[in-house]
Amino acid sequence: ESIATMDRGPGYLNGILSLFFNSQQPASEYSTENQLAAPYFHRAKAAELVTEIDKRFPQSAVRAELHFRLMDAYAAYAENDAVIREGTYFLAQFPADSRRVEVALQVGDVYSRTHQSDKEFALYKTLLKELAAKADGVPLGEPGSAYSKPVGGQAATGARSSEYAQVLDRYLARLVALQRLPDALELLRGELDRNPQDPGLYEKLASFLDQNRLNQHEEEVYQRAIGQFQD
């Protein structure tokens, strides 16, 4: 059975969903109090409807879109707990969805704002592992090169996995901002140990050492790279 069977008229179900998700009300029709309450009411009703659809149509292809839109609505109103709850559900229920990294980074932003760095970094580690595996253990690739072969369904330019590069850069930036340079160095070494065939990671580590004046470690990195790659 499909969710489409609920739509008795063209766009009927979408119209209902749009009404629930829409938080804009004419100022002339409601008092200030009602205007403030309306967005919360709409999000609550939207959540109820999405939950009902989950129960009645667990195989529906539109469930991911509805949950994504619901989480986006929570994020727009800075409902941190709801973003974490909905985002975590999305990641568990839709592991193959193309918006997986986008959702995870929104959850990571909430963890950052609410000072839950351990959960934030655990999420980034999971993403890096998944994205590197999708890129066959070479998520960055040759420094400065472009790859014609898509990775993870995306056209690749520069890094083989642009999402991997994005998550890695964010993770490193957060660690540096928290003055946790040893942890940042451990992160890069761990990624290199997991993906030893990726020349881009050697370059990333060497660049990080140079930028943060950890030059005494650079020779070791280059010697390791020389031993790994014939060119």
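Start by selecting residues 199-211, helix H9: at 1.5 Å a residue its 13 residues should span 18 Å, and its end C-alpha atoms are 19 Å apart, which agrees. (The expected span is 1.5 Å times one less than the number of residues; helices are DSSP runs of H or I with at least four residues, strands are E runs of at least two, and both are numbered from the N terminus.) Before moving on, know that this is a predicted model, where local features need pLDDT of at least 70 and side-chain atom pairs count only at pLDDT 80 or more, while totals for chains, interfaces and linings use all residues. Residues are numbered from 1 along each chain as its sequence is written, and side-chain values use heavy atoms, with hydrogens and water left out.

**Around H9**

Stay on H9 and colour its buried residues: Pro199, Gly200, Leu201, Tyr202, Leu205, Ala206, Phe208 and Leu209. Buried here is under 20% relative accessible area, exposed is over 50%, and partly exposed is in between, using a 1.4 Å probe and protein chains only. An α-helix has 3.6 residues a turn, so residues three or four places apart point the same way.

Now zoom in on the start of H9, where a side-chain oxygen of aspartate 198 comes within 2.9 Å of the backbone nitrogen of glycine 200. Past the other end, pick arginine 213, which follows H9 and has a positive phi near 55 degrees.

**Into the core**

Next, select Tyr164, Val167 and Leu168: in the largest nonpolar core, which has 46 residues, these touch the most other members. (Such a core is a set of buried Ala, Val, Leu, Ile, Met, Phe, Trp, Tyr and Cys residues joined through side-chain atoms within 4.5 Å.) Helices H2 (32-56), H3, H4 (80-93), H5, H6, H7, H8 and H9 each give two or more residues to this core. A separate core of 5 residues includes Leu49, Val50, Ile53 and Leu66.

Click on leucine 168. Beyond its neighbours within four places in sequence, leucine 168 contacts (heavy atoms within 4.5 Å) Leu128, Leu140, Leu187, Leu188, Leu201 and Lys204.

Then hop to leucine 131, in helix H6 (residues 117-134). Leucine 131 counts as buried because its relative accessibility is 5%. Leaving out residues up to four places away in sequence, leucine 131 touches Val101, Ser161, Glu163, Tyr164 and Val167.

**A buried arginine**

Go to arginine 63, in helix H3 (residues 63-76). With a relative accessible area of 7%, arginine 63 is buried. A polar atom of its side chain lies 3.1 Å from the backbone oxygen of proline 58. Show its contacts too: not counting residues up to four places away, they are Ile53, Asp54, Phe57, Pro58, Tyr89, Gln93 and Phe94.

**Two loop stops**

Select histidine 115, in the loop between H5 (100-113) and H6. Histidine 115 is exposed, at 72% relative accessible area, and its phi is positive, near 60 degrees.

Glutamine 179 is in the loop between H7 (162-177) and H8 (181-194). Its phi is positive at about 60 degrees, although it is not a glycine, and glutamine 179 is exposed at 73%.

**Zoom out**

Finally, show the whole protein chain: it has 10 helices and 0 strands. Of its 231 residues, 42% count as buried.

Notes: Polar contact = N/O pair within 3.5 Å; in protein donor to acceptor, adjacent residues only side chain to side chain.
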